[in-house]
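My notes follow, in the order I made them.

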Amino acid sequence: ARPYFLDIDTGSALTWIQCDAPCTNCTKGPHPLYKPAKENIVPPKDSHCQELQGNQDYCDTCKQCDYEIAYADRSSSAGVLARDNMRLITADGERQNMDFVFGCAHDQQGKLLDSPASTDGILGLSNGAMSLPTQLAKQGIISNVFGHCIATDPSSSGYMFLGDDYVPRWGMTWVPVRNGPEDVYSTVVQKVNYGGQELNVREQAGKLTQVIFDSGSSYTYFPHEIYTSLIASLEAASPGFARDESDQTLPFCMKPNFPVRGLWMM
């Protein structure tokens, strides 16, 4: 067994790790590159390949299933599909083997190459057919449920569970999930509040604002109308501050419109 550290991404289905295939563009991860055996490469006629590539015509003479996935920040990963054995430890301590199909990545582009996170790849947890929970559920190993509980203590990392054995029975607020685009987890924003002021989401956006849950992104994005309304509310609530245009990397920054000599923390 070999360990790999992966970014948890609910916004994509394909799990991939950096591979020595050879690797065209790879970052230096915490573990050696995965080197697939020839018999582990998924052929184009495999059902997982056809699921990933959709209705595209596959190559009859090709010996491997190629993939390329693009993310919201315009970074991308390309490689081939591979199949290997994954061993899981169940809630009752038993070991369960599964046949897992994932991406063997040998060409990363964009921010994936300069990410500060020390990881070997991405763990795809969306509702797509290629995601880890879906593959586990299809093999009858778990129910199609997963959870990630974030710890309140910054020094702790929380925990992730697969299946419904560890679903918390209290302290949760359930949100209806819709069938969003590309098999992501989607719901609707009913209102946006800043302080005691409620922004009219329906009127500003012209329709209900649909959002997706994406643990792979560190930013929260709003439609333009809601974003500008929120900025106006921030400015109205902070009359002693003005826009700071000195740092163009920040979309919105404010500074006091009076000289500040020092800052006291109480």
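This is a predicted model: local features need pLDDT of at least 70, side-chain atom pairs count only at pLDDT 80 or more; totals for chains, interfaces and linings use all residues.

How does the lining of the second largest pocket split by class? I get 17 nonpolar, 8 polar and 1 charged residues. The volume of this second largest pocket is about 1,000 Å³. Of the 26 residues lining the second largest pocket, Phe 146, Gly 147, His 148, Met 172 and Trp 174 are the closest to its centre. I checked which element gives the largest share of that lining, and strand E7 (residues 146-149) does, with 4 residues. A reminder to myself on the general idea: rolling a probe the size of a water molecule over the atoms shows where empty space is left.

**Entry 1: the rings.** Next I looked for aromatic pairs, which need ring centres within 6.5 Å. The count by this rule is 5 aromatic pairs. One of them is Tyr 34 with Phe 102: the ring centres are 5.5 Å apart and the planes sit at 75°, so I log the pair as edge-to-face, the cut-off being over 60 degrees. This pair links distant parts of the chain, 68 residues apart. Tyr 34 is in the loop between strand E2 (16-18) and helix H1 (47-53), and Phe 102 is in strand E5 (residues 95-109). I find both Tyr 34 and Phe 102 buried.

What about Phe 100 and Phe 102: how are their rings arranged? Their centres are 5.9 Å apart and their planes are at 25°, so this pair is stacked, given that stacked takes under 30 degrees.

Entry 2: I then picked Leu 136, which belongs to helix H2 (residues 132-138). Leu 136 has 0% relative accessibility, so it counts as buried. Leu 136 and Phe 100 are 36 residues apart in sequence, and from C-alpha to C-alpha I get 8.3 Å in space.

**Entry 3: the sheets.** I started with an open sheet of 6 strands, in the order E1-E6-E2-E5-E4-E3, with mixed pairing. From one strand to the next, the twist averages 40°. E2 and E5 run parallel and are joined by 3 bridges. Gln 18 stands opposite Ala 105 in E5.

I also noted an open sheet of 3 strands, ordered E9-E10-E13, where the pairing is antiparallel. Which strands stand at its edges? Strand E9 (178-179) and strand E13 (209-212) do, each having a single partner strand, so one side of each is left without a neighbour in the sheet. Strand E10 (residues 185-189) and E13 run antiparallel, with 4 bridges joining them. I looked up Val 188 too: its bridge partner in E13 is Gln 210.

Technical notes
Residues are numbered from 1 along each chain as its sequence is written. Side-chain values use heavy atoms; hydrogens and water are left out. Rings of Phe, Tyr and Trp (its six-membered ring) pair if their centres lie within 6.5 Å; planes under 30 degrees apart count as stacked, over 60 as edge-to-face and the rest as tilted. Helices (H or I, at least four residues) and strands (E, at least two) are DSSP runs, numbered from the N terminus. Buried means under 20% relative accessible area, exposed over 50%, partly exposed in between (1.4 Å probe, protein chains only). Two strands pair if DSSP finds at least two bridges between them. Axes are lines fitted to C-alpha atoms, for helices over the stretch in contact, and angles run from 0 to 180 degrees between N-to-C directions. On a 1 Å grid over the protein atoms alone, a cavity is a set of points where a 1.4 Å probe fits but cannot get out, and a pocket is an open set with protein on both sides within 12 Å along at least five of seven lines; lining residues have an atom within 4 Å of a point. Grid points are joined across faces, edges and corners, and a volume is the space filled by probe spheres set on the points. Ala, Val, Leu, Ile, Met, Phe, Trp, Tyr, Cys and Pro count as nonpolar, Asp, Glu, Lys and Arg as charged, and the others, Gly among them, as polar.
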